[in-house]
Amino acid sequence: MKRTTGVTVGLVLAGLLGLGDAIGIVTGGGEGPPFPVLVAGAVFGVITIIGVVLGWRGSRAGIVAVIVTRLLSALSAVPAFFVDDVPAGAVGVAAFGIGVTLLAV
């Protein structure tokens with residue numbers, strides 16, 4: 001499979017998001033998301049990174065894994081918009097992350 005520019009950009013963005021999710025469990029804490037959300041994000045991040053590597057090599061299954069894990073990760077950020085005591089900065093980060101995820105997908 002030949003990688004188009006759009007696929008390449010999407011894989012790079014998804015890889016960066018996945019890396020951020022994967023290390024989020026180490027850097028998270030304080031006023032961030034609850035620990036189970038951090039664990040789920042880390043799992044999605046690792047699967048995304050594996051999918052990016054496979055997708056970069058031409059695997060359609062890898063690209064599907066990237067799309068699914070990025071959408072699930074974005075979905076896990078949606079409650080930040082509806083929970084009362086979420087700091088404004090966290091809502092902004094969630095909105096940015098969802099936007100970049102949609103761009104990557």
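1. In this note, Ala, Val, Leu, Ile, Met, Phe, Trp, Tyr, Cys and Pro count as nonpolar, Asp, Glu, Lys and Arg as charged, and the others, Gly among them, as polar. By these classes, the lining of the largest pocket has 20 nonpolar, twelve polar and four charged residues.

2. The structure is a predicted model, in which local features need pLDDT of at least 70 and side-chain atom pairs count only at pLDDT 80 or more, while totals for chains, interfaces and linings use all residues. Residues are numbered from 1 along each chain as its sequence is written, and side-chain values use heavy atoms, with hydrogens and water left out.

3. The largest pocket holds about 970 Å³ of space. A pocket is an open set of points, on a 1 Å grid over the protein atoms alone, where a 1.4 Å probe fits and protein lies on both sides within 12 Å along at least five of seven lines; lining residues have an atom within 4 Å of a point. The volume is the space filled by probe spheres set on the points, which are joined across faces, edges and corners.

4. Of the 36 residues that line the largest pocket, Pro33, Val37, Ala77, Val93 and Ala94 lie nearest its centre. Two or more lining residues come from each of helix 1 (5-27), helix 2 (35-56), helix 3 (60-77) and helix 4 (88-104). Helix 4 gives the most, with eight residues. Helices here are DSSP runs (H or I, at least four residues), numbered from the N terminus.

5. Helix 2 and helix 3 pack at an angle of about 155 degrees, their axes 7 Å apart; axes are lines fitted to C-alpha atoms over the stretch in contact, and angles run from 0 to 180 degrees between N-to-C directions. Helix 2 is therefore roughly antiparallel to helix 3 (angles over 145 degrees count as such). Their crossing is left-handed, meaning that the near helix is turned anticlockwise from the far one by less than a right angle. Residues in contact (heavy atoms within 4.5 Å) include Phe44, Gly45 and Ile47 of helix 2 and Gly62, Ile63 and Val66 of helix 3. The contact divides into seven nonpolar, seven polar and one charged residue.

6. The axes of helix 1 and helix 4 come within 8 Å and cross at roughly 145 degrees, again in a left-handed crossing. Gly10, Leu13, Ala14 and Leu17 of helix 1 meet Val100, Thr101, Leu103 and Ala104 of helix 4. This contact has six nonpolar, two polar and no charged residues.

Conventions:
Angles under 35 degrees count as roughly parallel, over 145 as roughly antiparallel, 65 to 115 as roughly perpendicular and the rest as oblique.
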